[in-house]
Amino acid sequence: MVKEQRVPCEQPKHRLQSLRHIGPTNCLTLALLNLSIACIDSGFRYDRPSTVNDQSATDATSRSDKPTGERKSNENSAFWWGVATSAYQVEDFGPGDVGEYQTDWDVHYQRGKLEHARGHGCWSYSQVERDLNALEALGVTHYRFSLEWARIEPAPGEYNEAALQHYVDLTKALRARGITPVLTIWHFTFPSWLYDADVDRHGWLHPMAAERWQAFLDYVVPRLTPHVQTFAPLNEPNAYALACLVNQFPPGGRLSYRRYLKTMDAEVARFIDAARVIRQYRPDARIISVQNIIDWQRAPLDLFDFWYRKGQEYNFYHLDQVADHCDWIGFNFYFAETASPLALLMQQQRDGDDVSDLGWKIAPGGFERRITELYQRYRKPLVITENGLADADDDQRARFLVEHITALQRAMAAGADVRGYFHWSLMDNYEWAHGYTMKFGLYEVDQATKALKPRASARVFKMLRGLFTPDGQLDRIPAVIP
Ligand code: FCB
């Protein structure tokens with residue numbers, strides 16, 4: 001197992017807004033203020049490194065887990081066109097496992113820390129054929145989904161073989177339909193046995209976490225590598241760490257900048273653990289580091305760009321440390337935001353055509369800017385692993401799609417190496433602290449029949465795929481904005 005080590009990275013950052021979807025803005029604002037004090041106190045400074053390839057800071061493993069560069073395979077021949085989900089957000093209990101496992105989110109809810117229960121999910125565990133049909137109807141080439149660790153390992157060291165087999169079967173069923181699986185191993189939830197009421201010992205900070213993660217990888221990875229080439233070990237570790245700072249993941253406790261740093265460092269080590277195990281079983285694996293990147297805008301009164309630089313720290317702190325351990329960079333993009341606590345405080349109050357139902361500023365220009373920035377900073381292939389919006393009326397999504405794909409095309413035409421686009425999400429799902437109130441789906445879920453019903457924008461999504469040539473260029477710019 002990789003020995004966890006403190007990585008001497010340049011500083012902290014805070015991850016602001018996208019965290020808004022998991023918690024009250026006032027908490028976040030407090031966190032930012034807290035963070036600013038902590039940063040000032042400790043003299044932290046974050047400048048963009050001239051290079052991110054300094055292996056010395058991060059190499060807790062042998063060189064064998066290093067990416068070997070892009071490899072030739074059929075999967076590289078075309079632009080990836082996909083949708084993304086995560087297990088906890090869409091799955092129901094499976095036959096025989098009701099009550100047999102719990103995640104930390106279930107415990108948070110039971111303890112009154114969350115307003116919305118996950119409940120039945122969207123039945124994606126029991127309705128596999130339904131989902132496959134929906135994917136096929138969208139014309140996707142790839143599907144990004146995640147494992148539920150708690151389901152596979154309901155008690156420490158006790159594995160549910162049927163649960164793992166379910167995921168193996170899903171990868172095979174996707175391939176049988178010509179859809180390539182992209183597997184996220186951890187997407188925000190832990191088994192309840194990594195829950196601890198003391199937030200400084202919860203999740204990645206739990207005394208058993210490193211050892212159990214390694215054992216979990218040893219159990220699941222060899223079963224999946226015959227069917228999966230592309231893995232995202234962790235979803236948005238930067239977002240999760242900020243959630244820890246503001247006590248949203250897990251909820252409760254006092255703000256702690258130290259906890260934030262410890263979580264970051266643990267996540268770096270866990271990512272490297274996963275990369276090593278995956279490459280051990282599949283040397284040609286493609287490993288993606290998935291980050292939530294926000295298009296920060298400088299606030300007029302942001303003296304010395306303090307808040308802007310905090311925002312950039314949020315974007316890059318984790319990635320700088322794992323860039324040498326991944327093949328591609330996964331970019332989750334949702335919005336632009338003014339880098340200031342006040343702007344964040346006001347976010348939920350926003351309304352209008354240029355913001356989503358969550359008050360997130362729709363910013364295709366920011367998308368283009370950040371693609372270019374990411375590519376210039378790391379010089380690695382990029383894949384858009386999430387992009388979407390909460391839009392219950394479906395009166396913004398089509399335009400959002402067209403504008404973001406057009407922006408993507410501009411960034412690619414200017415030289416950015418982008419290999420694919422995944423929309424969030426296949427269907428409306430459990431949006432963390434917002435429960436089912438925020439509608440991110442290309443499909444609605446009929447609660448009575450469990451059927452998936454395509455929104456009008458799903459047709460636009462499908463149509464846009466047809467605009468890419470096989471080598472990944474967009475050969476026509478959509479002229480009509482629906
Ligand atoms: C991302 C998360 C995903 C979903 C979207 C809206 O940050 O990765 O699970 O909640 O936001």
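Modeller: Let's start with a term we'll need at once: two residues are in contact if their C-beta atoms, placed from the backbone, lie within 7 Å. This is a predicted model, in which local features need pLDDT of at least 70, side-chain atom pairs count only at pLDDT 80 or more, and totals for chains, interfaces and linings use all residues. Residues are numbered from 1 along each chain as its sequence is written.

Biologist: Happy with that. Which residues is Pro-181 in contact with, leaving aside its neighbours within four places in sequence?

Modeller: Tyr-143, Thr-171, Leu-174, His-227 and Val-228. Pro-181 itself sits in strand β3; strands (E, at least two residues) and helices (H or I, at least four) are DSSP runs, numbered from the N terminus. Phe-231 is 50 residues away from Pro-181 in sequence, yet their C-alpha atoms are 8.9 Å apart.

Biologist: Why is Pro-181 called buried?

Modeller: Pro-181 has 22 other C-beta atoms within 10 Å. A residue is buried at 20 or more, exposed at 12 or fewer and partly exposed in between, with C-beta atoms placed from the backbone, so Pro-181 counts as buried.

Biologist: Let's turn to the barrel. How many strands does it have, and in what order do they run?

Modeller: Eight: the closed barrel runs β1-β2-β3-β4-β5-β6-β7-β8, with parallel pairing. From one strand to the next, the twist averages 30°.

Biologist: How do you know that β6 pairs with β7?

Modeller: Strands pair if DSSP finds at least two bridges between them, and five bridges join β6 (residues 328–338) to β7 (residues 382–387), which run parallel. Gly-330 has Val-383 as its bridge partner in β7, while Phe-331 stands opposite Ile-384. On to β5: nine bridges join β5 to β6, again with parallel strands, and Ile-293 stands opposite Phe-333 in β6.

Biologist: What makes β6 mostly covered?

Modeller: The count of buried residues in β6 is 11 of 11.

Biologist: Now the helices. At what angle do α6 and α7 pack?

Modeller: Helix α6 (residues 161–176) packs on helix α7 (residues 209–224) at about 25°, with the axes 10 Å apart. That makes α6 roughly parallel to α7. The class covers angles under 35 degrees, whereas over 145 is roughly antiparallel, 65 to 115 roughly perpendicular and the rest oblique. Axes are lines fitted to C-alpha atoms, for helices over the stretch in contact, and angles run from 0 to 180 degrees between N-to-C directions.

Biologist: Which residues of α6 and α7 meet?

Modeller: Leu-164, Tyr-167, Val-168 and Thr-171 of α6 meet Val-220, Arg-223 and Leu-224 of α7. These contact residues divide into five nonpolar, one polar and one charged. Nonpolar means Ala, Val, Leu, Ile, Met, Phe, Trp, Tyr, Cys and Pro; charged means Asp, Glu, Lys and Arg; the others, Gly among them, are polar.

Biologist: What about the angle between α12 and α13?

Modeller: α12 and helix α13 (residues 397–413) pack at about 30°, with axes 8 Å apart. The two are therefore roughly parallel as well.
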